[in-house]
Every structure is written in C-alpha cells, then in structure tokens.
Amino acid sequence: MTDEIAKLIQQGDNDQLEFRRHSGGPNLLSKIISSFANASGGKLIIGVDEKGKISGCKKESIMDTFNKAKEKLIPCPDISIEFIELEKKEIAIISIEKNENIVASSLGVFKRTDNSDEIMVPAEITTKKLATATNNDFKNTIEEMAQQITQLTISLDDTVKRYQDKNKLSRKILEWIACGIIGIILSMLIHF
C-alpha cells in the first residue's frame, strides 16, 4: 500500500486524486467528497501538498473532521479512511466511490473535473436525478429546484470566498444560514 501511494503522489492531482496539506474543515471536506462521488470517485490524500511534499497530519483531528463531514453529505456515499506512514509521517487516504445518485455537500452540489471541484449546473443535476422519473410535472419541478440549488451554490461559493479573510465567527454564521437554505432545498429534491 505504501508503494502504491508513493507512486500516486509522484503522479500529482488529477480527476480521481487530490492532495491537501490539511482537511480544511468539515464543510470543505464534504465538498471534496461530494465532488468525487458525483464524478468517477477517487482518493483524497491529506498530509501531502500539491507538489508532493509530505507534511503529515494528526489522525485524531482528521478522524473528527471526517466524521463531521460525513454528516454534511446527503446522501453519504461509500467512503473509507485509512492512515499510513510515509517518510516517518502519518498521512490519511480517503477513498470515495462513485455514487449513482447526486451527493450534496453542505456547500452545494459539486463534481470533480480534471484536478478541481466544479459546481454542477442544473442540466447535470437534472440528468442525474431524472434517470428514473417519468412524469413531466415532476421533471419540471426537479429542473427548477436544480437551478435554484445551482444559484445558491454559486452565491454561497462567492460569499465564502469574499469572507475567507474576515472574522471567523461571521463566516461561520453566514455558512450556517446558507447551508440551512441549501439543505432545505436539497432535502425537498432528494425526497421527491
């Protein structure tokens, strides 16, 4: 396993592999997991920077963040986490399976493209969600909700970027409000 991960680190980020020095917190981690689950699946390696330098991570902190991130995913995809030692430093490997249904995070609906996480547009959400739908009214409702989710996701993403350097408390309150609104819409969408 160690040799396999060392080879992956040499390859660099791609559509099924991402490196992060740290988890970034439950919201960001849920966004990354959702983006992999909505695409082809993949691995997130924490404790390694984008250039392949191994910095290591704290297992307890990563496990806490991982468990909180799972609670922010609707539905939670098949994911697992394991820790290995490389260069005498512990790193975390989160494996995410592709999910046939849309996986929403606390920050919205994303997909993995190349080596980044992108917002899913309404057409992609509806295509994935409508695979089993037959009623036109139902399809129209889903399409409208998908557009609303995308707009909320774009607005939330822009707002989070603007307030990254601001007071952490105000950012948390803003994220909480936005996530609540997105959660309500996603809950309605998923339970249709």
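## A sheet, its helices and a hairpin

In this predicted model, strands β2 and β4 run antiparallel and are joined by 5 bridges. Within this pairing, leucine 44 stands opposite isoleucine 94, a residue of β4. Both strands belong to an open sheet of 4 strands, whose order is β1-β2-β4-β3 and whose pairing is mixed. The edges of the sheet are formed by β1 (17-20) and β3, each of which pairs on one side only. On average, and with direction ignored, neighbouring strands of the sheet are turned by 20 degrees against each other. Helix α3 packs on this sheet, where it touches β2, β3 and β4, and the direction of α3 makes about 165 degrees with that of β3.

The largest nonpolar core has 18 residues, and those that touch the most other members are Leu29, Leu44, Ile46, Ile94 and Ile96. Two or more residues are given to this core by each of α2 (26-37), β2 (42-46), α3 (59-71), β3 (79-86) and β4 (89-96), and the largest share, 5 residues, comes from α2. Apart from this core lies another, of 14 residues, which includes Ala104, Ile125, Ala178 and Cys179. In soluble globular proteins, nonpolar side chains tend to be buried together.

Which residues are in contact with isoleucine 94, once its neighbours within four places in sequence are left aside? They are Leu29, Gly42, Lys43, Leu44, Ile46, Phe66, Ser80 and Ile81.

Helix α2 has 12 residues, and from its first C-alpha to its last it reaches 16 Å, close to the 16 Å expected at 1.5 Å a residue. Because 10 of these 12 residues are buried, α2 is largely enclosed by the rest of the structure.

The hairpin has 2 residues between its strands, and in it aspartate 114 takes a positive phi near 55 degrees.

As for cysteines, the structure holds 0 disulfides.

| Residue | Relative accessibility | Class |
|---|---|---|
| Cysteine 57 | 16% | buried |
| Cysteine 76 | 36% | partly exposed |

Cysteine 57 counts as buried because its 16% relative accessibility is under the 20% limit, whereas cysteine 76, at 36%, counts as partly exposed.

Key. Residues are numbered from 1 along each chain as its sequence is written. This is a predicted model: local features need pLDDT of at least 70, side-chain atom pairs count only at pLDDT 80 or more; totals for chains, interfaces and linings use all residues. Side-chain values use heavy atoms; hydrogens and water are left out. Two strands pair if DSSP finds at least two bridges between them. A disulfide is a pair of cysteine sulfur atoms within 2.5 Å. Buried means under 20% relative accessible area, exposed over 50%, partly exposed in between (1.4 Å probe, protein chains only). A nonpolar core is a set of buried Ala, Val, Leu, Ile, Met, Phe, Trp, Tyr and Cys residues joined through side-chain atoms within 4.5 Å. Contact means heavy atoms within 4.5 Å. The expected span of a helix is 1.5 Å times one less than its number of residues. Axes are lines fitted to C-alpha atoms, for helices over the stretch in contact, and angles run from 0 to 180 degrees between N-to-C directions.
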